[in-house]
Amino acid sequence: MSFFRGSIRRLAVSAPTLVLALPLLAFTGLSAQAKEYRIGLITPPPHQWTKAAQDVADTLKTRSEDRITLSVFPSGQLGSEAEMMRQLQSGALDFAFLTLGEFANRDDKYGIFLAPYIAKNTEQARKLLSGPTAQKLLASVSKLGLVGFGYGMAGLREIATRDTVTDSKDLSGKKIRTVPFKPELDFWVKLGAAPTPMPLPALYDAFANGQIDGMQIDFEGTWNSKYYDHAGTIIHSDHMMFPLIAVGSARNWASIDPADQTMIRETISARLDSLIGSYGAIDADYLAKLKGTDVPVLSVDRSFFGTAIDDWYTEWRERAPLLKELEAEAALLD
Ligand code: BEZ
C-alpha cells in the first residue's frame, strides 16, 4: 500500500516537471536530430578522391557522435558531373567533389587551371590552388547556386596511347580522350590530335576496344584501372594539373545548423589539404609501378609539344584574362 502511495506521489510531483520539460526536450531533440547527407563523385572506389570523401564521412560520423551520416556515391552512380551539378542546384544532392569541367564549360575563367605547365610539380599546384586567384574563383561558385569548400587535386596529367609514340607527330590525328573540358580539348586541337571528350567511367572499354587511340589521364588511374594493359606507350609529361573542387548545394547548406556547417567545412578542408599534400608521393609511387610493367615510359618536357603550348596561352589569355594573374603567381614560385 505504501509502495502505491509513494508511486502516486512521485507521479504527482513529476507531472508538472514533465510538462515543463517537454518543449525543452523537443527543442534539444531538434538540434541533435540525426542528419543524412549525400556526396557524389565520378571516381571509382579505389581512387584517392573517393577515399577522401569516405574519410570525410567517417570523421563527420565520429565528430557528431553518430548524428551525421554522409553517404558516398562514387563512380558516377548519381549521374555525370553535369547531372550532379543540376542536383546540387535543385537541392537533390548535398555535396560533390567535382572536376572543373562543368565550371569551365560555363565560364572560361575556370579553365585557367588547365594551363599547360603552369605548375611544374604537385607542390606548385598546391600553392596555386591556395593562392588568391584560386580563392576568388572558389568564392564565385555562389553565382551557380553552390557553396565552395576548397580545392583538392588528382595527379598531374600524363598520356597513355595504344601505339608506340616517340614524337608528338605520332599523336597527330589520333583520337585522344580528354575530359569534356574546353581548355583540354583546345590543347589537343592545337597539337593536331582529335580530342574525344569522354567521362572517366566510360574510359576502360573505349581504350580496350580501340574507340580511342589514347587518353589524357594520371598515373593513378593508369595503374588502378589497368589502362596500361592496352597501352603501347605511357608518356610521362606532367603537362597539366587537375584540380578537384569541393562544393555543396547552397539551397541545402542554408538549412544546416551553423555549428554543423563549421564541422563540415573544417572536415572537408582538412581532408582536402592532406589529399593535395599527398599527391607528390602518390604520383611517384604509381610511376614506379608503371615502370615495372612491359609498357615503355617516355619522359618528355614542354618542348615535346612544339608550338601548341604557346598557341594555347595566346588564345586563353584572351578568353580568360584572369590567366595572367595566375601566371604572375606561378612566376613567383620556386
Ligand atoms: C579524369 O577524368 O581523367 C579524372 C577525373 C577525376 C579524377 C581523376 C581523373
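Helices (H or I, at least four residues) and strands (E, at least two) are DSSP runs, numbered from the N terminus. The structure described here is a predicted model, in which local features need pLDDT of at least 70, side-chain atom pairs count only at pLDDT 80 or more, and totals for chains, interfaces and linings use all residues. Residues are numbered from 1 along each chain as its sequence is written, and side-chain values use heavy atoms, with hydrogens and water left out.

Two packed helices are described by the angle between their axes and the distance between the axes. Here the axes are lines fitted to C-alpha atoms, for helices over the stretch in contact, and angles run from 0 to 180 degrees between N-to-C directions. Helix α6 (residues 132–139) packs with helix α13 (residues 322–331) at an angle of about 140°, and their axes are 9 Å apart. The two helices, α6 and α13, are therefore oblique to each other; angles under 35 degrees count as roughly parallel, over 145 as roughly antiparallel, 65 to 115 as roughly perpendicular and the rest as oblique. On the α6 side, the contact (heavy atoms within 4.5 Å) is made by Pro132, Thr133, Lys136 and Leu137, and on the α13 side by Leu322, Glu325, Leu326 and Glu329. These residues divide into 4 nonpolar, 1 polar and 3 charged, where Ala, Val, Leu, Ile, Met, Phe, Trp, Tyr, Cys and Pro count as nonpolar, Asp, Glu, Lys and Arg as charged, and the others, Gly among them, as polar.

Two residues of this contact also meet through their side chains: Glu325 and Lys136 form a salt bridge (2.9 Å, N to O). A salt bridge is a side-chain nitrogen of Lys or Arg within 4 Å of a carboxyl oxygen of Asp or Glu. The pair links distant parts of the chain, with Glu325 in helix α13 and Lys136 in helix α6, 189 residues apart. Glu325 counts as partly exposed at 38% relative accessibility, and Lys136 counts as partly exposed at 44%. Buried means under 20% relative accessible area, exposed over 50%, and partly exposed in between (1.4 Å probe, protein chains only).

Helix α13 also has buried residues, namely Leu322, Leu323, Leu326, Glu329 and Ala330. They cover an arc of only 115° around the axis, which puts them on the same side of α13; the arc is that of the directions from the helix axis to the C-beta atoms. The buried residues of α13 pack against α5 (122–129), α6 and α12 (308–319).

The structure holds 19 salt bridges. In one of them, the side chains of Asp260 and Arg67 meet at 2.8 Å, N to O. Asp260 lies in helix α11 (residues 258–291) and Arg67 in the loop between α2 (48–63) and β2 (68–73), so the pair ties together parts that are 193 residues apart in sequence. Both Asp260 and Arg67 are buried.

Another salt bridge joins Lys190 and Asp186, whose closest N and O atoms are 3.2 Å apart. Both residues lie in helix α7 (residues 182–190), 4 residues apart, about one turn of the helix. Lys190 is partly exposed, with a relative accessible area of 24%, whereas Asp186 is buried, with a relative accessible area of 12%. Lys190 and Asp186 belong to a network of salt bridges that also links Asp108, Lys182, Glu315 and Arg319.
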